[in-house]
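These are my notebook entries on a structure that I had not examined before. I set down what I looked up, one topic at a time.

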Amino acid sequence: MSDLAIRAENLGKRYPLKQFRGSLDFRETLTCHCARVFGARHDLTMLANPVRREHWALRQASFEIRRGEVVALLGHNGAGKTTLLRILSCITEPTEGCAEIRGRVVPLLDVGAGFHGQLTGTENVYVHGAILGMKKAEIGRKFEEIVTFAGVERFLNLPIKRWSRGMCVRLAFAVAALVEADVLLVDELLDGADAEFRRKCLARILGGAVREGRTVMLVSHDLAYARQLRTREMHFAGGRIVSDLQGIHQSNPGARNPGLVALESGLK
Amino acid sequence: MRKTAMGLAASQGRCVTETAGTGVCRITTNPPFSWAWSELWKGRHLLGVFLWRDIKVRYKQTILGLGWAVLQPALGVAVFTLVFGRVAKVPTGGVPYPLFVLCGWAPWQLFARGLMRSSNSLVENQYLLTSARVPRLMLPLTGVLSAVPDFAIECLLLLIMMFGYRVRLAPEVVLRMVPFLVLALAASFAAGLFLSAVNVRYRDVGYTVPFFLQLLFFVTPVVYPGALVPSRFRWLSGLNPMANVVGGFRSVLLQSADPAVGRLVDSLWITLGFLGVACLYFRRVERSFADVV
(Lines give C-alpha, C1' and ligand atoms only; values in the text may rest on other atoms or scores of the structure.)
Protein backbone atom coordinates (compact mmCIF):
# COMPACT_ATOMS: atom_id res chain seq x y z
CA MET A 1 0.00 0.00 0.00
CA SER A 2 2.94 2.30 0.38
CA ASP A 3 2.88 3.39 -3.25
CA LEU A 4 -0.41 5.22 -2.81
CA ALA A 5 -0.13 8.94 -3.43
CA ILE A 6 -3.71 10.11 -3.12
CA ARG A 7 -6.73 8.46 -1.66
CA ALA A 8 -10.10 10.14 -1.68
CA GLU A 9 -13.28 8.91 -0.12
CA ASN A 10 -16.67 10.37 -1.00
CA LEU A 11 -15.34 13.88 -1.55
CA GLY A 12 -18.07 16.39 -2.13
CA LYS A 13 -18.35 20.16 -2.33
CA ARG A 14 -21.56 22.12 -2.07
CA TYR A 15 -21.90 25.78 -2.94
CA PRO A 16 -24.93 27.84 -2.01
CA LEU A 17 -26.78 29.39 -4.93
CA LYS A 18 -28.74 31.66 -2.64
CA GLN A 19 -27.37 35.14 -2.69
CA PHE A 20 -26.44 36.48 0.68
CA ARG A 21 -26.83 40.10 1.54
CA GLY A 22 -23.27 41.14 0.86
CA SER A 23 -23.26 39.77 -2.67
CA LEU A 24 -26.12 41.84 -4.03
CA ASP A 25 -25.11 44.69 -6.26
CA PHE A 26 -26.23 48.27 -5.87
CA ARG A 27 -29.22 47.97 -8.21
CA GLU A 28 -30.45 44.75 -6.64
CA THR A 29 -30.23 46.23 -3.15
CA LEU A 30 -32.22 49.27 -4.27
CA THR A 31 -34.86 47.12 -5.95
CA CYS A 32 -35.18 45.03 -2.83
CA HIS A 33 -35.60 47.96 -0.50
CA CYS A 34 -38.00 49.80 -2.81
CA ALA A 35 -40.09 46.69 -3.20
CA ARG A 36 -40.24 46.29 0.54
CA VAL A 37 -41.28 49.90 1.04
CA PHE A 38 -44.20 49.38 -1.37
CA GLY A 39 -45.26 46.27 0.47
CA ALA A 40 -44.24 43.65 -2.03
CA ARG A 41 -42.98 40.42 -0.56
CA HIS A 42 -39.71 40.74 -2.35
CA ASP A 43 -37.46 38.37 -0.51
CA LEU A 44 -33.73 38.68 -1.01
CA THR A 45 -33.59 35.07 -2.04
CA MET A 46 -36.06 35.66 -4.86
CA LEU A 47 -33.20 37.07 -6.87
CA ALA A 48 -31.49 33.73 -6.94
CA ASN A 49 -32.92 30.57 -8.38
CA PRO A 50 -35.96 29.97 -6.17
CA VAL A 51 -36.03 26.22 -6.70
CA ARG A 52 -32.46 25.07 -6.28
CA ARG A 53 -30.76 26.81 -3.43
CA GLU A 54 -27.55 24.88 -3.59
CA HIS A 55 -25.24 23.29 -6.08
CA TRP A 56 -23.02 20.28 -5.66
CA ALA A 57 -19.91 21.08 -7.64
CA LEU A 58 -18.47 17.70 -6.76
CA ARG A 59 -20.12 14.64 -5.31
CA GLN A 60 -19.00 11.24 -4.15
CA ALA A 61 -15.55 11.35 -5.61
CA SER A 62 -13.70 8.25 -4.45
CA PHE A 63 -10.47 7.03 -5.95
CA GLU A 64 -6.97 5.87 -5.25
CA ILE A 65 -4.02 7.14 -7.18
CA ARG A 66 -0.62 5.52 -7.03
CA ARG A 67 2.72 7.22 -7.18
CA GLY A 68 3.85 7.99 -10.70
CA GLU A 69 0.42 7.99 -12.23
CA VAL A 70 -0.47 10.76 -14.66
CA VAL A 71 -4.18 11.32 -14.39
CA ALA A 72 -6.06 13.33 -16.97
CA LEU A 73 -9.25 14.92 -15.69
CA LEU A 74 -11.68 15.32 -18.56
CA GLY A 75 -15.14 16.78 -18.77
CA HIS A 76 -17.14 19.85 -19.63
CA ASN A 77 -16.80 23.19 -17.87
CA GLY A 78 -18.40 23.03 -14.46
CA ALA A 79 -18.09 19.27 -14.21
CA GLY A 80 -16.12 19.46 -10.98
CA LYS A 81 -12.53 19.08 -12.14
CA THR A 82 -11.14 22.30 -10.73
CA THR A 83 -13.13 21.87 -7.54
CA LEU A 84 -11.46 18.53 -6.99
CA LEU A 85 -8.02 20.06 -7.52
CA ARG A 86 -8.89 22.89 -5.13
CA ILE A 87 -9.90 20.44 -2.45
CA LEU A 88 -6.82 18.30 -2.92
CA SER A 89 -4.56 21.32 -2.67
CA CYS A 90 -6.22 22.43 0.60
CA ILE A 91 -7.42 25.69 -0.87
CA THR A 92 -11.03 24.94 -0.11
CA GLU A 93 -12.59 22.50 2.31
CA PRO A 94 -14.77 19.62 1.20
CA THR A 95 -18.39 19.60 2.37
CA GLU A 96 -18.27 15.88 2.84
CA GLY A 97 -15.78 13.05 2.62
CA CYS A 98 -12.09 13.01 3.25
CA ALA A 99 -8.82 12.52 1.45
CA GLU A 100 -5.21 11.82 2.14
CA ILE A 101 -2.25 12.91 0.12
CA ARG A 102 1.29 11.82 0.67
CA GLY A 103 4.18 14.17 0.07
CA ARG A 104 4.57 17.69 -1.13
CA VAL A 105 1.63 18.97 -3.14
CA VAL A 106 2.19 21.73 -5.67
CA PRO A 107 -0.96 23.24 -7.14
CA LEU A 108 -0.79 25.18 -10.39
CA LEU A 109 -4.36 26.29 -10.84
CA ASP A 110 -4.02 29.71 -12.36
CA VAL A 111 -1.40 31.66 -14.27
CA GLY A 112 -2.13 34.75 -12.26
CA ALA A 113 -1.41 33.21 -8.88
CA GLY A 114 1.86 34.62 -7.71
CA PHE A 115 2.48 36.87 -10.67
CA HIS A 116 2.42 40.60 -10.22
CA GLY A 117 2.03 42.62 -13.39
CA GLN A 118 4.44 45.36 -12.34
CA LEU A 119 7.28 43.00 -11.55
CA THR A 120 9.70 41.76 -14.17
CA GLY A 121 9.99 38.15 -15.27
CA THR A 122 13.00 37.52 -13.06
CA GLU A 123 11.30 38.98 -9.99
CA ASN A 124 8.16 37.00 -10.65
CA VAL A 125 10.10 33.75 -10.82
CA TYR A 126 11.23 34.35 -7.25
CA VAL A 127 7.78 35.31 -5.97
CA HIS A 128 5.99 32.49 -7.78
CA GLY A 129 8.64 29.98 -6.71
CA ALA A 130 8.28 31.05 -3.08
CA ILE A 131 4.50 30.69 -3.23
CA LEU A 132 4.94 27.18 -4.57
CA GLY A 133 7.18 26.44 -1.60
CA MET A 134 10.75 26.98 -2.80
CA LYS A 135 13.37 28.77 -0.76
CA LYS A 136 15.31 31.60 -2.34
CA ALA A 137 18.52 29.60 -2.68
CA GLU A 138 16.68 26.76 -4.36
CA ILE A 139 15.17 29.10 -6.91
CA GLY A 140 18.55 30.70 -7.52
CA ARG A 141 20.02 27.27 -8.25
CA LYS A 142 17.29 26.41 -10.70
CA PHE A 143 16.83 29.82 -12.23
CA GLU A 144 18.76 29.10 -15.44
CA GLU A 145 16.89 25.85 -15.95
CA ILE A 146 13.52 27.51 -15.40
CA VAL A 147 14.22 30.27 -17.88
CA THR A 148 15.62 27.91 -20.51
CA PHE A 149 12.68 25.60 -20.12
CA ALA A 150 10.20 28.44 -20.50
CA GLY A 151 12.18 29.92 -23.38
CA VAL A 152 11.60 33.50 -22.27
CA GLU A 153 15.19 34.76 -21.91
CA ARG A 154 14.58 37.85 -24.03
CA PHE A 155 11.75 39.22 -21.90
CA LEU A 156 13.12 38.60 -18.42
CA ASN A 157 13.60 42.29 -17.62
CA LEU A 158 10.22 43.37 -18.93
CA PRO A 159 7.29 43.86 -16.52
CA ILE A 160 5.11 40.81 -16.86
CA LYS A 161 2.01 42.85 -17.69
CA ARG A 162 3.58 43.45 -21.10
CA TRP A 163 3.99 39.72 -21.73
CA SER A 164 1.62 37.70 -23.82
CA ARG A 165 -0.56 35.26 -21.94
CA GLY A 166 1.17 32.33 -23.57
CA MET A 167 4.54 33.55 -22.29
CA CYS A 168 3.11 33.85 -18.77
CA VAL A 169 1.79 30.31 -18.98
CA ARG A 170 5.24 29.12 -20.02
CA LEU A 171 6.95 30.82 -17.11
CA ALA A 172 4.33 29.75 -14.58
CA PHE A 173 4.53 26.15 -15.68
CA ALA A 174 8.31 26.14 -15.86
CA VAL A 175 8.56 27.20 -12.21
CA ALA A 176 6.02 24.61 -11.11
CA ALA A 177 7.65 21.87 -13.16
CA LEU A 178 10.98 22.42 -11.42
CA VAL A 179 9.67 22.42 -7.88
CA GLU A 180 10.51 19.20 -6.13
CA ALA A 181 6.95 17.99 -5.83
CA ASP A 182 5.46 14.60 -5.13
CA VAL A 183 2.06 15.57 -6.41
CA LEU A 184 1.55 18.17 -9.11
CA LEU A 185 -1.98 19.46 -9.70
CA VAL A 186 -2.34 21.38 -12.96
CA ASP A 187 -5.53 23.04 -14.12
CA GLU A 188 -6.28 23.64 -17.80
CA LEU A 189 -3.29 25.94 -18.01
CA LEU A 190 -1.43 24.08 -20.73
CA ASP A 191 -4.32 24.46 -23.14
CA GLY A 192 -3.13 28.03 -23.53
CA ALA A 193 0.40 27.20 -24.64
CA ASP A 194 1.65 26.43 -28.15
CA ALA A 195 2.37 22.98 -29.53
CA GLU A 196 6.13 23.22 -29.13
CA PHE A 197 5.95 24.10 -25.47
CA ARG A 198 3.33 21.46 -24.80
CA ARG A 199 5.64 18.85 -26.25
CA LYS A 200 8.33 19.98 -23.84
CA CYS A 201 5.88 19.78 -20.94
CA LEU A 202 4.83 16.32 -22.00
CA ALA A 203 8.39 15.08 -21.76
CA ARG A 204 8.86 16.87 -18.46
CA ILE A 205 5.72 15.50 -16.85
CA LEU A 206 6.34 11.95 -18.02
CA GLY A 207 10.00 12.11 -17.11
CA GLY A 208 9.10 13.24 -13.60
CA ALA A 209 6.48 10.52 -13.30
CA VAL A 210 8.77 7.76 -14.43
CA ARG A 211 12.03 8.78 -12.79
CA GLU A 212 10.89 10.32 -9.52
CA GLY A 213 7.48 8.73 -9.16
CA ARG A 214 5.83 12.10 -9.27
CA THR A 215 2.06 11.98 -9.45
CA VAL A 216 0.34 14.41 -11.77
CA MET A 217 -3.31 15.36 -12.05
CA LEU A 218 -3.99 17.44 -15.07
CA VAL A 219 -7.10 19.07 -16.47
CA SER A 220 -7.25 19.45 -20.21
CA HIS A 221 -9.85 20.01 -22.86
CA ASP A 222 -7.52 18.75 -25.55
CA LEU A 223 -8.28 15.06 -25.62
CA ALA A 224 -5.56 14.15 -28.09
CA TYR A 225 -2.93 15.87 -25.99
CA ALA A 226 -4.19 14.44 -22.71
CA ARG A 227 -4.17 10.93 -24.16
CA GLN A 228 -0.51 11.30 -25.08
CA LEU A 229 0.60 11.66 -21.53
CA ARG A 230 -1.99 10.17 -19.24
CA THR A 231 -1.82 6.73 -17.72
CA ARG A 232 -5.32 7.11 -16.44
CA GLU A 233 -8.43 9.03 -17.38
CA MET A 234 -11.15 10.30 -15.14
CA HIS A 235 -14.27 11.59 -16.83
CA PHE A 236 -16.40 14.09 -15.00
CA ALA A 237 -20.00 15.04 -15.59
CA GLY A 238 -22.27 17.04 -13.36
CA GLY A 239 -19.88 16.86 -10.42
CA ARG A 240 -19.47 13.11 -10.48
CA ILE A 241 -16.75 10.88 -11.75
CA VAL A 242 -18.60 8.96 -14.45
CA SER A 243 -15.75 6.79 -15.60
CA ASP A 244 -12.28 6.03 -14.38
CA LEU A 245 -10.15 4.32 -16.99
CA GLN A 246 -6.94 3.01 -15.56
CA GLY A 247 -4.15 2.61 -18.10
CA ILE A 248 -2.51 -0.71 -18.69
CA HIS A 249 0.62 0.35 -16.87
CA GLN A 250 -0.99 1.66 -13.71
CA SER A 251 -0.11 -1.48 -11.78
CA ASN A 252 3.57 -0.77 -12.23
CA PRO A 253 4.48 2.91 -12.08
CA GLY A 254 8.08 2.22 -13.09
CA ALA A 255 7.04 0.83 -16.46
CA ARG A 256 7.66 2.66 -19.68
CA ASN A 257 4.82 4.90 -20.56
CA PRO A 258 3.46 4.51 -24.09
CA GLY A 259 3.36 8.27 -24.53
CA LEU A 260 6.99 8.64 -23.53
CA VAL A 261 8.09 5.87 -25.85
CA ALA A 262 6.21 7.52 -28.68
CA LEU A 263 7.79 10.84 -27.84
CA GLU A 264 11.30 9.51 -27.77
CA SER A 265 10.90 7.63 -31.02
CA GLY A 266 9.50 10.80 -32.50
CA LEU A 267 12.59 12.75 -31.49
CA LYS A 268 15.02 10.27 -33.03
CA MET B 1 -10.42 6.63 15.92
CA ARG B 2 -10.74 5.48 12.36
CA LYS B 3 -7.78 3.84 10.79
CA THR B 4 -6.16 6.27 8.44
CA ALA B 5 -6.84 5.58 4.82
CA MET B 6 -3.31 4.91 3.78
CA GLY B 7 -2.35 2.96 6.82
CA LEU B 8 0.23 5.58 7.67
CA ALA B 9 0.67 7.83 10.64
CA ALA B 10 -1.44 10.71 9.43
CA SER B 11 -1.02 14.16 10.86
CA GLN B 12 -4.24 15.28 12.48
CA GLY B 13 -6.20 18.34 11.68
CA ARG B 14 -5.62 21.06 9.18
CA CYS B 15 -3.69 20.37 6.06
CA VAL B 16 -0.06 21.12 6.55
CA THR B 17 2.50 21.43 3.81
CA GLU B 18 4.89 18.57 4.21
CA THR B 19 8.45 18.36 3.06
CA ALA B 20 9.09 16.05 0.15
CA GLY B 21 8.21 12.44 0.77
CA THR B 22 7.83 12.55 4.54
CA GLY B 23 4.27 13.00 5.63
CA VAL B 24 0.68 12.52 4.83
CA CYS B 25 -1.66 15.44 4.61
CA ARG B 26 -5.19 14.69 5.67
CA ILE B 27 -8.13 16.60 4.26
CA THR B 28 -11.37 16.45 6.21
CA THR B 29 -14.61 18.35 6.38
CA ASN B 30 -14.33 19.73 9.86
CA PRO B 31 -10.75 19.75 11.01
CA PRO B 32 -10.39 20.38 14.74
CA PHE B 33 -9.39 23.92 15.57
CA SER B 34 -5.68 24.48 15.62
CA TRP B 35 -3.43 27.50 15.50
CA ALA B 36 -1.36 25.77 12.83
CA TRP B 37 1.86 27.35 13.99
CA SER B 38 3.85 24.77 12.05
CA GLU B 39 2.15 25.79 8.82
CA LEU B 40 3.03 29.40 9.54
CA TRP B 41 6.58 28.53 10.48
CA LYS B 42 7.07 26.53 7.30
CA GLY B 43 5.80 29.42 5.23
CA ARG B 44 7.96 31.99 6.99
CA HIS B 45 10.13 32.56 3.92
CA LEU B 46 7.01 33.99 2.27
CA LEU B 47 6.93 36.93 4.66
CA GLY B 48 10.25 38.22 3.31
CA VAL B 49 9.22 37.60 -0.27
CA PHE B 50 5.88 39.36 0.11
CA LEU B 51 7.48 42.32 1.86
CA TRP B 52 10.09 42.57 -0.85
CA ARG B 53 7.40 42.39 -3.54
CA ASP B 54 5.37 45.04 -1.78
CA ILE B 55 8.25 47.47 -1.55
CA LYS B 56 9.37 46.73 -5.11
CA VAL B 57 5.91 47.34 -6.53
CA ARG B 58 4.98 50.38 -4.49
CA TYR B 59 6.75 53.11 -6.41
CA LYS B 60 6.99 51.38 -9.80
CA GLN B 61 6.03 53.50 -12.79
CA THR B 62 6.43 56.76 -10.88
CA ILE B 63 8.83 59.55 -11.79
CA LEU B 64 9.80 60.36 -8.22
CA GLY B 65 10.08 56.78 -7.07
CA LEU B 66 11.34 56.59 -3.53
CA GLY B 67 11.08 60.37 -3.43
CA TRP B 68 7.40 59.94 -2.61
CA ALA B 69 8.29 58.31 0.67
CA VAL B 70 10.06 61.55 1.68
CA LEU B 71 7.76 63.99 -0.03
CA GLN B 72 4.54 62.69 1.50
CA PRO B 73 5.46 63.31 5.16
CA ALA B 74 7.26 66.56 4.27
CA LEU B 75 4.20 67.99 2.52
CA GLY B 76 1.95 66.71 5.28
CA VAL B 77 3.98 68.48 7.94
CA ALA B 78 3.98 71.67 5.87
CA VAL B 79 0.18 71.65 5.56
CA PHE B 80 -0.38 70.86 9.24
CA THR B 81 2.06 73.59 10.26
CA LEU B 82 0.21 76.10 8.14
CA VAL B 83 -3.29 75.12 9.29
CA PHE B 84 -2.87 74.11 12.91
CA GLY B 85 0.37 75.90 13.77
CA ARG B 86 -0.05 79.26 12.04
CA VAL B 87 -3.80 79.70 11.58
CA ALA B 88 -5.29 77.83 14.54
CA LYS B 89 -2.24 78.49 16.77
CA VAL B 90 -2.41 75.19 18.67
CA PRO B 91 -0.36 75.50 21.88
CA THR B 92 2.59 73.10 21.91
CA GLY B 93 4.37 74.14 25.08
CA GLY B 94 7.25 75.88 23.35
CA VAL B 95 8.08 73.08 20.92
CA PRO B 96 8.32 74.23 17.28
CA TYR B 97 5.11 73.08 15.59
CA PRO B 98 6.68 71.15 12.65
CA LEU B 99 8.71 69.08 15.08
CA PHE B 100 5.71 68.63 17.34
CA VAL B 101 3.42 67.40 14.60
CA LEU B 102 5.92 65.09 12.86
CA CYS B 103 6.65 63.49 16.21
CA GLY B 104 3.02 62.48 16.45
CA TRP B 105 2.37 61.92 12.78
CA ALA B 106 5.14 59.38 12.20
CA PRO B 107 3.76 56.78 14.66
CA TRP B 108 0.21 57.60 13.59
CA GLN B 109 1.07 56.87 9.97
CA LEU B 110 2.75 53.62 11.01
CA PHE B 111 -0.56 52.57 12.53
CA ALA B 112 -2.84 53.93 9.83
CA ARG B 113 -0.84 52.62 6.88
CA GLY B 114 -0.47 49.21 8.45
CA LEU B 115 -4.18 49.06 9.16
CA MET B 116 -5.13 50.19 5.65
CA ARG B 117 -2.81 47.79 3.89
CA SER B 118 -3.54 44.78 6.03
CA SER B 119 -7.31 45.24 5.92
CA ASN B 120 -7.13 45.24 2.13
CA SER B 121 -4.47 42.55 1.86
CA LEU B 122 -6.72 39.53 1.41
CA VAL B 123 -9.04 41.16 -1.08
CA GLU B 124 -6.15 42.54 -3.11
CA ASN B 125 -4.56 39.11 -3.25
CA GLN B 126 -7.72 37.25 -4.16
CA TYR B 127 -5.95 35.05 -6.65
CA LEU B 128 -3.69 33.79 -3.89
CA LEU B 129 -6.72 32.79 -1.84
CA THR B 130 -8.37 30.93 -4.69
CA SER B 131 -5.45 29.28 -6.41
CA ALA B 132 -2.43 29.00 -4.17
CA ARG B 133 -1.62 27.45 -0.87
CA VAL B 134 -0.06 30.11 1.30
CA PRO B 135 -0.67 30.59 5.01
CA ARG B 136 -3.43 33.20 4.90
CA LEU B 137 -2.12 34.99 7.97
CA MET B 138 0.98 36.00 6.01
CA LEU B 139 -0.97 38.50 3.95
CA PRO B 140 -2.27 40.82 6.71
CA LEU B 141 1.03 40.42 8.52
CA THR B 142 2.85 41.62 5.42
CA GLY B 143 0.42 44.52 5.20
CA VAL B 144 1.30 45.73 8.67
CA LEU B 145 5.04 45.25 8.34
CA SER B 146 5.16 46.97 4.97
CA ALA B 147 4.44 50.22 6.81
CA VAL B 148 7.72 49.95 8.71
CA PRO B 149 10.05 51.18 5.92
CA ASP B 150 7.92 54.31 5.47
CA PHE B 151 8.09 54.83 9.20
CA ALA B 152 11.88 54.50 9.12
CA ILE B 153 12.08 57.25 6.50
CA GLU B 154 9.84 59.48 8.62
CA CYS B 155 12.05 58.82 11.63
CA LEU B 156 15.05 59.88 9.58
CA LEU B 157 13.23 63.08 8.69
CA LEU B 158 12.42 63.55 12.35
CA LEU B 159 16.09 63.13 13.29
CA ILE B 160 17.14 65.72 10.74
CA MET B 161 14.50 68.10 12.04
CA MET B 162 15.59 67.59 15.67
CA PHE B 163 19.13 68.30 14.63
CA GLY B 164 17.96 71.44 12.83
CA TYR B 165 16.05 72.68 15.90
CA ARG B 166 18.97 71.72 18.16
CA VAL B 167 16.91 69.34 20.31
CA ARG B 168 19.15 67.09 22.36
CA LEU B 169 18.67 63.38 21.79
CA ALA B 170 19.88 60.99 24.46
CA PRO B 171 20.84 57.51 23.24
CA GLU B 172 18.64 55.66 25.77
CA VAL B 173 15.61 57.35 24.16
CA VAL B 174 15.65 54.72 21.41
CA LEU B 175 15.10 51.99 23.99
CA ARG B 176 12.27 53.85 25.67
CA MET B 177 10.48 54.12 22.32
CA VAL B 178 10.30 50.35 21.90
CA PRO B 179 7.16 49.66 24.00
CA PHE B 180 5.28 52.36 22.14
CA LEU B 181 6.32 50.94 18.78
CA VAL B 182 5.23 47.48 19.85
CA LEU B 183 1.90 48.91 20.94
CA ALA B 184 1.38 50.71 17.61
CA LEU B 185 2.21 47.61 15.57
CA ALA B 186 0.09 45.33 17.75
CA ALA B 187 -2.89 47.67 17.53
CA SER B 188 -2.47 47.98 13.79
CA PHE B 189 -2.15 44.21 13.33
CA ALA B 190 -5.10 43.40 15.59
CA ALA B 191 -7.46 45.73 13.77
CA GLY B 192 -6.02 44.90 10.35
CA LEU B 193 -6.27 41.16 10.88
CA PHE B 194 -9.87 41.34 12.01
CA LEU B 195 -10.96 43.73 9.29
CA SER B 196 -9.17 41.85 6.52
CA ALA B 197 -11.17 38.74 7.35
CA VAL B 198 -14.44 40.68 7.47
CA ASN B 199 -13.49 42.36 4.19
CA VAL B 200 -13.40 39.01 2.44
CA ARG B 201 -17.15 38.67 2.93
CA TYR B 202 -18.30 42.26 3.21
CA ARG B 203 -16.53 44.78 1.01
CA ASP B 204 -18.10 47.52 3.12
CA VAL B 205 -14.87 47.40 5.11
CA GLY B 206 -13.00 48.94 2.20
CA TYR B 207 -15.26 52.00 2.34
CA THR B 208 -15.47 52.23 6.11
CA VAL B 209 -11.81 52.01 7.06
CA PRO B 210 -10.60 55.30 5.49
CA PHE B 211 -13.47 57.16 7.11
CA PHE B 212 -12.92 55.48 10.45
CA LEU B 213 -9.20 56.28 10.31
CA GLN B 214 -9.91 59.93 9.58
CA LEU B 215 -12.21 60.07 12.57
CA LEU B 216 -9.68 58.38 14.82
CA PHE B 217 -7.01 60.74 13.55
CA PHE B 218 -8.84 63.72 15.02
CA VAL B 219 -9.77 61.90 18.22
CA THR B 220 -6.13 61.02 18.75
CA PRO B 221 -3.98 63.95 19.83
CA VAL B 222 -1.79 64.07 16.72
CA VAL B 223 -2.14 67.66 15.56
CA TYR B 224 -2.84 68.97 19.07
CA PRO B 225 -1.25 68.09 22.43
CA GLY B 226 -2.89 65.49 24.68
CA ALA B 227 -3.13 68.07 27.42
CA LEU B 228 -5.93 69.78 25.50
CA VAL B 229 -8.16 66.74 26.03
CA PRO B 230 -10.62 67.48 28.89
CA SER B 231 -9.70 65.39 31.93
CA ARG B 232 -13.09 63.68 32.08
CA PHE B 233 -12.38 61.99 28.73
CA ARG B 234 -8.83 60.89 29.57
CA TRP B 235 -9.79 57.42 30.78
CA LEU B 236 -10.80 56.72 27.20
CA SER B 237 -7.21 56.92 26.08
CA GLY B 238 -6.73 53.45 27.52
CA LEU B 239 -9.11 52.30 24.83
CA ASN B 240 -7.40 54.26 22.10
CA PRO B 241 -3.91 52.79 22.01
CA MET B 242 -2.76 55.40 19.52
CA ALA B 243 -3.32 58.15 22.09
CA ASN B 244 -0.72 56.42 24.22
CA VAL B 245 1.65 55.85 21.35
CA VAL B 246 1.54 59.42 20.11
CA GLY B 247 1.74 60.82 23.64
CA GLY B 248 4.56 58.45 24.45
CA PHE B 249 6.57 59.44 21.41
CA ARG B 250 6.32 63.10 22.30
CA SER B 251 7.11 62.61 25.95
CA VAL B 252 10.18 60.51 25.13
CA LEU B 253 11.57 62.53 22.23
CA LEU B 254 10.60 66.06 23.26
CA GLN B 255 10.57 65.56 27.06
CA SER B 256 7.07 66.98 27.24
CA ALA B 257 4.71 65.51 29.80
CA ASP B 258 1.70 63.79 28.33
CA PRO B 259 -1.29 62.61 30.36
CA ALA B 260 -1.87 59.49 28.25
CA VAL B 261 1.46 57.85 29.02
CA GLY B 262 0.36 56.58 32.41
CA ARG B 263 -2.10 54.26 30.70
CA LEU B 264 0.49 52.45 28.61
CA VAL B 265 0.12 49.16 30.51
CA ASP B 266 -3.70 49.18 30.39
CA SER B 267 -3.52 49.92 26.72
CA LEU B 268 -1.05 47.12 26.03
CA TRP B 269 -3.29 44.59 27.76
CA ILE B 270 -6.39 45.72 25.93
CA THR B 271 -4.59 45.64 22.59
CA LEU B 272 -3.01 42.24 23.11
CA GLY B 273 -6.38 40.89 24.22
CA PHE B 274 -7.99 42.19 21.08
CA LEU B 275 -5.15 40.77 19.01
CA GLY B 276 -5.86 37.35 20.50
CA VAL B 277 -9.54 37.62 19.66
CA ALA B 278 -8.71 38.78 16.14
CA CYS B 279 -6.38 35.80 15.62
CA LEU B 280 -9.05 33.42 16.85
CA TYR B 281 -11.66 34.91 14.54
CA PHE B 282 -9.27 34.86 11.59
CA ARG B 283 -8.44 31.20 12.15
CA ARG B 284 -12.09 30.30 12.33
CA VAL B 285 -13.17 31.99 9.13
CA GLU B 286 -10.09 31.53 6.97
CA ARG B 287 -11.28 28.06 5.98
CA SER B 288 -14.02 29.56 3.86
CA PHE B 289 -11.98 32.40 2.32
CA ALA B 290 -11.57 30.69 -1.05
CA ASP B 291 -15.32 30.13 -1.34
CA VAL B 292 -16.44 33.56 -0.25
CA VAL B 293 -13.90 36.04 -1.56
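This is a predicted model: local features need pLDDT of at least 70, side-chain atom pairs count only at pLDDT 80 or more; totals for chains, interfaces and linings use all residues.

**Entry 1: a covered helix in chain B.** I then looked up how much of H6 itself is covered. Helix H6 spans residues 138-145 of chain B, and eight of its eight residues are buried.

**Entry 2: the domains of chain B.** I found chain B divided into domain 1, residues 1-34, and domain 2, residues 46-292. Taken over C-alpha atoms, the centres of these two domains of chain B are separated by 40 Å.

**Entry 3: the largest nonpolar core.** I recorded 140 residues in the largest nonpolar core. Which residues have the most contacts inside this core? They are A:Ala172, A:Phe173, A:Val175 and A:Ala176. The element that gives the most to this core is H4(B), with 14 residues. I also noted that the core draws at least three residues from each of domain 1 and domain 2 of chain B. I set beside this a general remark: in soluble globular proteins, nonpolar side chains tend to be buried together.

I followed A:Ala176 further. Neighbours within four places in sequence left aside, A:Ala176 is in contact with A:Val106, A:Leu108, A:Leu132 and A:Leu184.

**Entry 4: chain A as a whole.** I counted eight helices and nine strands in chain A. Of its 268 residues, 45% count as buried. I also looked at the contacts in chain A with a separation of 6 or more: residues 24 or more positions apart account for 78% of them.

**Entry 5: the sheet of chain A.** I traced an open sheet of six strands in chain A, with the order E5-E6-E7-E3-E8-E9 and mixed pairing. Its edge strands are E5 (105-108) and E9 (240-246) of chain A, each of which pairs on one side only. From one strand to the next, the twist averages 15°.

Helix H2 of chain A (residues 81-88) lies across E3, E5, E6 (183-186), E7 and E8 (232-237) of chain A, and runs at about 145° to E7(A).

**Entry 6: where the chains meet.** I found 37 residues of chain B in contact with 43 residues of chain A. Strand E1 (24-27), H2, helix H5 (126-131) and helix H12 (289-292) of chain B each supply at least two residues of the side that touches chain A. Which element of chain B gives the largest share of that side? I identified H2(B), which gives six residues. By type, the residues of chain B that touch chain A divide into 17 nonpolar, eleven polar and nine charged.

Strand E4 (residues 96-102) of chain A and E1(B) pair in the antiparallel sense over four bridges. Here the bridge partner of A:Ala99 in E1(B) is B:Ile27.

Terms used: Residues are numbered from 1 along each chain as its sequence is written. Chains are lettered from A and ligands numbered from 1 in the order in which they are written. A residue is buried if 20 or more other C-beta atoms lie within 10 Å of its own, exposed if 12 or fewer, and partly exposed in between; C-beta atoms are placed from the backbone. Two residues are in contact if their C-beta atoms, placed from the backbone, lie within 7 Å. Two strands pair if DSSP finds at least two bridges between them. Axes are lines fitted to C-alpha atoms, for helices over the stretch in contact, and angles run from 0 to 180 degrees between N-to-C directions. A nonpolar core is a set of buried Ala, Val, Leu, Ile, Met, Phe, Trp, Tyr and Cys residues joined through C-beta atoms within 7 Å. Domain bounds come from an automatic or database domain assignment. Ala, Val, Leu, Ile, Met, Phe, Trp, Tyr, Cys and Pro count as nonpolar, Asp, Glu, Lys and Arg as charged, and the others, Gly among them, as polar.
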